Amino acid sequence: MAESKPRVWVSQPLFDDIVARLAEHFEVDATRDVTAWSPAQVAAKLGEVDGALVTLNERIGEDELAAAGRLRAVANVGVGYNNLDIGALESRGIVATNTPDVLTDTTADMAFALLMAAARRITEGERWLREGRWTQWSFDTLLGSDIHGSTLGILGMGRIGQGIARRGAHGFGMRVLYHNRSRLADGIERNCRADWVDFDTLLREADHLVLVLPYSPATRHVIDSTALAKMKPTATLTNIARGGLVDEVALADALAHGRLASAALDVFEGEPAVDPRLLALRNVVLTPHVGSASLATRRAMAALAVDNLVAALGRGPRAGRPPTPVTGVSSPGTGKR
Ligand code: DGY
């Protein structure tokens, strides 16, 4: 009798041709439409499979794992994996993986697009024009702030942070400061033309502050009213990491009262819901968590997640050695960006 194939669940539609590779090894339960799975539905799905390929939409913690007796691997499509409880997975011997590297440059590009949109008031200008308010060219319409020659502050200096630093230093002649738990090696600092500073100095000196650090309970609301009060009123704030890094109420208040010039947010604490206070403001650029959303990069992320799942379940050329594991590594975080 033929051995039955392991079973895997793919929680959201990805690219059919890439997901099809799973069928060489597994019986595949692939979700056809974008679905908001409830925690109970996730738990039920995990209870039926040996492996799962999931996105940031699916939280996997103790409750979702309670009935997952045969689950051996979870492949997350994304570099951030704060949706996964790594301790709960590791204690059950379940391998988890993420998709770093393949999205670094695309996300660094997007950080710059957002930063520039905030600094030069691009989306605000477009709305103003579409509203029919442009009646005559005038000298002081929508004055923004410069990017070239300004100080770029980066909070979180992993791979994406370094990509942003290089774009700022080499492309726009910016002075680059960063803050990170650990200081980078001299060679990397030189390559990025970036200097380490303490958190308060970063807040005080940055003309454009970009958040790229992983989200965890320890970094929740790292940008709160106290931090915002230390920033220049002319500064911009860009968040492409996770919404929970910013106290959105404090940010909306600072933006509304001129204590911060503008912000650009790709991520939100309660996404897809966006705080109505932010929606009401003109000086904030809002995008729907699309930092890595180029076609080529999303395909590369899906392909890496598939490779991870195949290998983690002991199949394919890298059987037992998934390319980018996040369990069983020395200091699991929530996404080495
Ligand atoms: C990431 O890769 O972490 C993006 O936010 C999408 O999940």
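**Entry 1: Ala 311**

I began with Ala 311, which lies in helix α13, spanning residues 295-312. I keep in mind throughout that this is a predicted model. Is Ala 311 buried or exposed? I noted a relative accessibility of 1%, and because buried means under 20%, Ala 311 counts as buried. I then looked up what Ala 311 touches once its neighbours within four places in sequence are left aside, and I found contacts with Arg 318, Ala 319, Gly 320, Arg 321, Pro 322 and Pro 323. For one of these, Arg 321, I also recorded the C-alpha separation from Ala 311, which is 5.8 Å although the two residues are ten residues apart along the chain.

**Entry 2: Aromatic rings**

I next turned to the aromatic pairs, of which the structure holds three. I noted both Trp 9 and Trp 37 as buried.

I then looked up Phe 112 and Phe 172, an aromatic pair that is stacked, with 5.1 Å from centre to centre and 10° between the planes. Phe 112 belongs to helix α5 (residues 104-119) and Phe 172 to helix α7 (residues 159-172), so this pair ties together parts that are 60 residues apart in sequence. Phe 112 is buried, with a relative accessible area of 5%, whereas Phe 172 is partly exposed, at 29%.

I also checked for a charge over a ring, and recorded that Arg 299 lies over the face of Phe 15, at 5.2 Å from the ring centre.

**Entry 3: The two domains**

Last, I looked up the domain assignment of the protein chain, which gives domain 1 as 7-102 + 295-312 and domain 2 as 104-286. Their C-alpha centres lie 31 Å apart, and the contact takes seven residues from domain 1 and six residues from domain 2. I noted an area of about 620 Å² buried between domain 1 and domain 2, of which carbon and sulfur atoms give 41%.

Notes: Residues are numbered from 1 along each chain as its sequence is written. This is a predicted model: local features need pLDDT of at least 70, side-chain atom pairs count only at pLDDT 80 or more; totals for chains, interfaces and linings use all residues. Side-chain values use heavy atoms; hydrogens and water are left out. Rings of Phe, Tyr and Trp (its six-membered ring) pair if their centres lie within 6.5 Å; planes under 30 degrees apart count as stacked, over 60 as edge-to-face and the rest as tilted. Buried means under 20% relative accessible area, exposed over 50%, partly exposed in between (1.4 Å probe, protein chains only). Helices (H or I, at least four residues) and strands (E, at least two) are DSSP runs, numbered from the N terminus. A charge sits over a ring if NZ of Lys or CZ of Arg is within 6 Å of the ring centre and within 35 degrees of the ring normal. Domain bounds come from an automatic or database domain assignment. Contact means heavy atoms within 4.5 Å. Buried area is the accessible area (1.4 Å probe) that two parts lose on being put together, summed over both.
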